[in-house]
Amino acid sequence: MPEGDTVWRTAQRLHDALAGQPLTRCDLRVPRLATADLTGRQVLEVRSRGKHLLIRFEGGLTLHSHLRMDGAWQLYAPAERWRGGPAHQIRAVLGTAGRTAVGYRLPVLDLLRTADERRVVGHLGPDLLGPDWDPAEALRRLLAAPARPLGEALLDQRNLAGIGNVYKSELCFLLRASPWLPIGRLPAPERAPALARKLLEANKLRPTRRTTPDPRPDRRLWVYGRAGRPCLRCGTPIRTTDGGPAAEARTTFWCPACQPTPPD
C-alpha cells in the first residue's frame, strides 16, 4: 500500500533514472492530457510531497500524480518487457534514451505549471519526509480538533502528510492508544508526530516495511494485517473494524488489551 515512505522511494528512483535527461517519448493516456507532449523537455527533478509525486520539467511544467491504493510507477530498460500490468492500465509513459518510466493505474494525473503546484499540494500539512518537516506545526494541527479520534486525525493529510492506513494502525498501537481516543486526551501528544517521523524515516529505504524489531515476515508489523492473530506484545487476538466514512472506510487493526476503547 503506497504511503509516504513508498512514495518517497518511488520519487528517488524516478529522479535517479530520469533527472538531467530530455524526454524522447511522452504518452499521457488520460483524455484531458491526450494532446500534451513533453518530448524534448529535460526532466529537472522528481520529488514527493506526502503521498503526491511531482515530476518537474524545464519550461516550468510539473506532472503531478497520486498513487492512491494501487497505482505504481515502474522503470524499464529500453529493450525490457513492461510487466506492471495490462496495457489498458497504463496512464503515462515517460522515456529517455536510457530508461522508460511507466505509470500504472494512476487515479490522479495532472499537468500544471510548476508555479501552481500549491493548487494540488498546498493543502497538505508538514511532510514527514520532506525538508519542510515541522513537528510543532504538525502537533498544532493535530490538536486543533481535540475531540477528533486519534486514527482519523493521523490519516488527515492536512495535519501531517504521509500517513496511510498501515502507519495509522501501527502508530496507535505504539502509542498504546485506541484509534478512537479523542486526540486531545492522548498522553504526551507530541510523541505522535515524532514517532510517525521515526517510522517513515526508518522505512524509506527498505523494500519491505517493518515497525517491529523482528524481521520475520509474519512479525514485521505489530497489528496491521494480523486480524485474529495473537498480539505480539500480550497475546490477545488482534481485532479489526471498518473505519467508517470519516476514515474513508478503511479497516482499522488494534489490540483490545493494549489499546482499550476509551470510555464515553
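1. A residue counts as buried when its relative accessible area is under 20%, and as partly exposed when the value lies between that limit and 50%. In this predicted model, Trp254 has a relative accessibility of 5% and is therefore classed as buried. Trp180, at 30%, is partly exposed.

2. The structure holds four aromatic pairs, and one of them joins Trp180 to Trp254 in an edge-to-face arrangement, with 4.8 Å from centre to centre and 80° between the planes. The partners come from distant parts of the chain, 74 residues apart: Trp180 sits in the loop between α5 (165–174) and α6 (191–203), whereas Trp254 is in strand β10 (residues 251–254).

3. A further pair also involves strand β10, through Phe253. The ring centres of Phe253 and Tyr224 are 4.7 Å apart, and because their planes meet at 55°, the pair is classed as tilted. Tyr224 is located in the loop between α6 and β9 (239–242), so the contact ties together parts of the chain separated by 29 residues in sequence. Both Tyr224 and Phe253 are buried.

4. Charged side chains over aromatic rings deserve a separate remark. Which residue lies over the face of Trp8? That residue is Lys204, at 4.4 Å from the ring centre. Another tryptophan, Trp222, has Arg233 over its face, in this case at 5.6 Å from the ring centre.

Key: Residues numbered from 1 in each chain as written. Predicted model: local features only at pLDDT ≥ 70, side-chain atom pairs only at ≥ 80, totals over all residues. Heavy atoms only, no water. Phe/Tyr/Trp six-rings, centres within 6.5 Å; stacked < 30°, edge-to-face > 60°. Helix = DSSP H or I, 4+ residues; strand = E, 2+ residues; numbered from the N terminus. Buried < 20%, exposed > 50% of the residue type's maximum accessible area, 1.4 Å probe, protein only. Lys NZ or Arg CZ within 6 Å of the ring centre and 35° of its normal.
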